[in-house]
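Here are a few exercises to work through with the model open beside you. Try each task before reading its solution.

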Amino acid sequence: MVKLRENEQKTLLTVGSLGGKAAIGQLVQASGLAHAAVMRAALELSKENLVRLQEEKRTILSLNEEGQLYARRGLPERRAFDAACESGEISIEDLPHEADIPSGVVPIALAWLTRKRWATINREKGTLIVAQKEKPPSGSDEKLLKLLAAKRTATVEKMDKSLQQMAVTLKRRKLVKVEEKTFRTLELTAKGRGLIRKGIEVSEEVSRLTPELILSGRWRETKFRKFNVTAPGSPVYPGKAHPLQQTIERAKEIFLEMGFTEIRGPLVETAFWNFDALFQPQDHPAREMMDTFYLSAPKAGRLPQKDVVNAVAKTHEDGWKTGSKGWGYKWSGEEARRLVLRTHTTAETIKYLSKHKEPPIKIFSVDRVYRNEQLTYKNTAEFHQIEGIVVDKGVTFRDLMGTLKAFYSRFGLRKVQFWPCYFPYTEPSAQAMVYVPKLKRWMELCGMGMFRPEVLAPMGIKYPVLAWGGGLERIAMLKLGLDDIRLLYGNRLDWIRRTPLCQ
Ligand code: PHE
């Protein structure tokens, strides 16, 4: 026994009342149901083999602007013929004026005149000679133009052969617009007819349980509409956070879950915080114009309190009291005051440590940084860094590795290794690498290490500091399955829409 919902019953009966076959559009009109409701009912009814759902592709023609003009005033070759008709011969030069056709269209008119054998061209004299005095009867192309002008649209499939051919010609002459449309019709099957004959009554169904139904107790007698949760619906594009923003939020969430506190700082920093405080010598290659954007106005910022600046300067020059030899050059305050777009969030980390010295400290930032990189599939000049530090008595490099494993595994990145490497401000230093099965290679996640005495002493920090910082876009690309970073910044609405709300 087939159980039909209200809309399906209505649709079936409407097909019956329209003679057993009807187009979806007709059914919408006759039943008063919404188009989507009829379509859904049609799918269900055809699944139950009560109707046949037929789809037909139709080609719909309509005149474009030029076509409309010719429908009103005649094709250019017709106008040229008429102009030449009286005297039997006309100078081609006079055609634009005499036949009122733009000179650009004259060659087209001539081509069609000869093709239709309405006239010949005398090239020497530059004239057009009509083949006969009486007007040639209206051709199929002209008939089609008139038809389209009168009816606005015509269906190619419904035309006879000669007009169909002309449709092709007019399309080539770019006088018509062509649209492909799918028309759907429903036709009752024997089973459908049988069911109608037996008589189906449309029973009212309720699709929403209201307080009123509950209070009055009428819900007991009410017939509720069953929902088909597998029926296709139309796509909905709700507002949502950009996928990159979602990754940023997730990174922050993970840090918060792990007990870290967020810090933020300005995008423009002094070279002092971006480089000097991190024991990067003033002639370090990373400072060069290649990587760093220096500000041209204003050029310089303010340095922090004297004792910190002096300690940093001394450490660079001879190691100060850190036991290091330093870099052995004359440190310049002017160089340190230069303003840069920060190249890493470690600038904020060290600035924070200059003011907060008592452990335990667990802070993080997820923020924008800038590097003068060529824009490619894997690099942008601005991107986001994930950065965290832990300061506590007795923490070791092992704690750092453990923290990072925990952090990245929450992003679903489990195969993580630590490879040794170099940063001027940490010792030991390493980079966390993740294995990407799709690319069959290891990819760098972040730089990490324990701040050197040359970094800690000038800030007055007496405890070990675990630090790491790395790109966020890489993680976003892995999570979203992208192979071009530019997509993240490209405002590609189709891609943003397709990206699921939750990863
Ligand atoms: N600041 C480094 C970078 O931008 C990463 C890093 C942070 C390395 C902290 C070690 C410690 O690549």
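**Exercise 1.** Which residue's side chain meets that of Arg78 in a salt bridge?

*Solution.* First, some ground rules. This is a predicted model, with local features needing pLDDT of at least 70 and side-chain atom pairs counting only at pLDDT 80 or more, while totals for chains, interfaces and linings use all residues. Residues are numbered from 1 along each chain as its sequence is written, and side-chain values use heavy atoms, with hydrogens and water left out.

Step 1: know the rule. A salt bridge here is a side-chain nitrogen of Lys or Arg within 4 Å of a carboxyl oxygen of Asp or Glu.

Step 2: find the partner. Arg78 meets Glu142, at 2.9 Å from N to O.

Step 3: Helices are DSSP runs of H or I with at least four residues, strands are runs of E with at least two, and both are numbered from the N terminus.

Step 4: check burial. Buried means under 20% relative accessible area, exposed over 50%, and partly exposed in between (1.4 Å probe, protein chains only). Arg78 counts as buried because its relative accessibility is 12%, and Glu142 is buried too, at 9%.

**Exercise 2.** Take the salt bridge between Glu44 and Lys47. Is Lys47 buried or exposed?

*Solution.* Step 1: get the distance. The closest N and O atoms of Glu44 and Lys47 are 3.3 Å apart.

Step 1: locate the pair. Both residues belong to helix H3, three residues apart, or about one turn of the helix.

Step 2: compare with the cut-offs. Lys47 has 62% relative accessibility, so it counts as exposed. Glu44, with a relative accessible area of 15%, is buried.

Step 3: zoom out. Searching the whole structure turns up 29 salt bridges.

**Exercise 3.** In what order do the strands of the four-stranded open sheet run?

*Solution.* Step 1: read the order. The sheet goes E1-E7-E2-E6, with antiparallel pairing; two strands pair if DSSP finds at least two bridges between them.

Step 1: spot the edges. Strand E1 (21-23) and strand E6 (153-155) pair on one side only, making them the edge strands.

Step 2: look at one pairing. E2 and strand E7 (residues 176-188) run antiparallel to each other over 13 bridges. In E7, Thr182 is the residue opposite Lys57.

Step 3: Contact means heavy atoms within 4.5 Å.

**Exercise 4.** Where is Leu50 found, and what is it in contact with, leaving aside neighbours within four places in sequence?

*Solution.* Leu50 is in the loop between helix H3 (35-47) and strand E2 (51-63).

Step 1: Leu50 counts as buried because its relative accessibility is 0%.

Step 2: list contacts. With those sequence neighbours left aside, its partners include Leu4, Leu12, Glu187, Leu188 and Leu195.

Step 3: look along the chain. Leu50 and Ala190 are 140 residues apart in the chain, yet their C-alpha atoms are separated by 7.5 Å.
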